[in-house]
Amino acid sequence: MKTHYKEKTLKEILKYRPKRLIRPLKVKPFYRFILKAATFPHLHNVNFTPTFEGFENYSKKDPILILMNHASFIDIELGAVMFHPRPLNIVASNDAFLRKNWIMRRIGCIPTKRFVMDINLVKNMLYCVKNLKSSVLLYPEAGYSIDGLNGVLPTSLGKMIKLLKIPVAVCLTEGAFHYQPMYNHLHKHKIHVKAHAKIVFSKEDVNKLSIDEINNKLQELFTIDYWKWQKDNNFEFKEDNYCEGLEKILYKCPHCHKELTTIVEGNKIKCTSCNTTYEMKRNGELVNLSGKTLYNSVSSWVNYEREEVKKEINNGTYDVKFPVDVLVTFDSYKIFKLKNSNAYLEHNINGITLTDEANDFSFHLFPIELYNMYTEFDWFEVGDMVSIGNSEVLYDCILKNYDVSVLKLRMACQELYKIAIEKIKK
């Protein structure tokens, strides 16, 4: 899958005037049918099986906020088909609309910017609930799981739920991550995908509970480990390419503590610095072939990497800087590549800064302004990507070299935000 962009100078890009806000559309039966027909092949391949709990107390016309975990490219398809024929509007990122605006809006999608305070999104969701009498499907983690673990929920989620004043359901999928892992160059694997939707807050609960109580309950429900799920459910990869790309997640060797030295050879993950070699079995289990197994799962290895990032932050040594190509988006219609640039992205304990010396341009966000960071491996087949921005503009920064793991950047962003919140509380 590729994206299309126009290469322009900064001066030309700044002349662009974003399109005015367009209200979401209520999905007509014809487009619901088209969507269901278009998604049938994918969902048939995974033998998709949905189950529901608590929905019997609500009619199809009752607006419900549905919160779904984000594990795969097929998540929108899963949600759209699962809740058919309930009137439904689905929140999707701006880049999903590029060159597809007309059809995306008619199947009920609402565009938004990733990981920024988007007041227009809140207005659009209120419009769907009050004016269209439609339910809303939202992926509160905002970004795909790239490492098989859950994302961070925004603290504003509870406020938004209190504002909408409608029942809330949580929908969690099983098997979707392993069907098409983000690290695995989007190779597809044979697996049975399930989803279970449950009403977790009634309208009365939403009115009665505090924002913190709502947020705490949701974070508890969204604490997910897809690798543990694989082990608990005895799922084994059938294809032989299940380890491809794993070095982007397991970027730091736990034995010699060197970064970006791991490579994948077949089903083995090898450190080129100390020659430690792990084998990944088809059930996801990791075994050290050259000594003691320190971490027997991807999730435990990733947790080790997170602790290492926290150490760097706490001792003040966390500081990464690397060259990037910059793609700029203002709305869901066009994306521009910054021409004649010499851009660098720097992330440290003071926040993240995008600097382009050739265009005398700089953009900075403090840790408190970024609760999480959107990162993706091989984004639209362009390269590993880091996205930052605000309510007006997004900068998608494509790494020119494999000088840093974007997973490390995401974890550092989350940990720096936690520290910033604690400082405010104190």
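Predicted model: local features only at pLDDT ≥ 70, side-chain atom pairs only at ≥ 80, totals over all residues.

**Strands, loops and cores**

Student: Which residue of β19 is the bridge partner of Trp 379?

Tutor: Start with the pairing: β18 and strand β19 (residues 383-389) run in the antiparallel sense, over four bridges. The two strands form a hairpin with three residues between them, and Phe 380 in that turn has a positive phi of about 50°. Within this pairing, the partner of Trp 379 in β19 is Gly 383.

Student: Is Asn 47 buried, partly exposed or exposed?

Tutor: Asn 47 sits in the loop between α2 (29-45) and β2 (49-53). Its phi is near 50°, a positive value in a residue other than glycine. Because buried means under 20% and exposed means over 50%, a relative accessibility of 48% makes Asn 47 partly exposed.

Student: And Arg 99, is that residue buried or exposed?

Tutor: Arg 99 lies in the loop between β4 and α4 (101-106). Here too phi is positive in a residue other than glycine, near 65°. With a relative accessibility of 67%, Arg 99 counts as exposed.

Student: What is omega for the peptide bond that joins His 84 and Pro 85?

Tutor: Pro 85 belongs to the loop between α3 (75-82) and β4 (88-93). The bond joining His 84 to Pro 85 is cis, with omega at about 5°.

Student: How many of the eight residues of α3 are buried?

Tutor: The buried residues of α3 include Asp 75, Glu 77 and Gly 79, along with Leu 78, Ala 80, Val 81 and Met 82. The helix is largely enclosed by the rest of the structure, because its buried residues number seven.

Student: How many disulfides does the model have?

Tutor: The rule asks for two cysteine sulfur atoms within 2.5 Å, and the count comes to zero. Cys 128 is in no disulfide, as the nearest cysteine sulfur, that of Cys 109, is 11 Å away. Cys 256 is in none either: the nearest cysteine sulfur, that of Cys 271, is 3.6 Å away. The number of disulfides is therefore zero.

Student: Is Cys 128 buried or exposed?

Tutor: For contrast, take Cys 256, which is partly exposed with a relative accessible area of 23%. Cys 128 has a relative accessible area of 0%, so this cysteine is buried.

Student: Which element gives the most residues to the largest nonpolar core?

Tutor: The largest nonpolar core has 108 residues, and those with the most contacts inside it are Met 280, Leu 354, Ile 388 and Tyr 395. The greatest contribution to this core is eight residues, and the element that gives them is α12.

Student: Which residues does Ala 420 touch, not counting residues up to four places away in sequence?

Tutor: Ala 420 is part of helix α12 (residues 406-425). Its relative accessibility is 15%, so Ala 420 counts as buried. Lys 238 is 182 residues apart from Ala 420 along the chain, and their C-alpha atoms are separated by 44 Å. The residues that Ala 420 touches are Pro 367 and Ile 368.

Technical notes: Residues numbered from 1 in each chain as written. Heavy atoms only, no water. Buried < 20%, exposed > 50% of the residue type's maximum accessible area, 1.4 Å probe, protein only. Contact = heavy atoms within 4.5 Å. Pairing = 2+ DSSP bridges. Core = buried A, V, L, I, M, F, W, Y, C linked by side-chain atoms within 4.5 Å.
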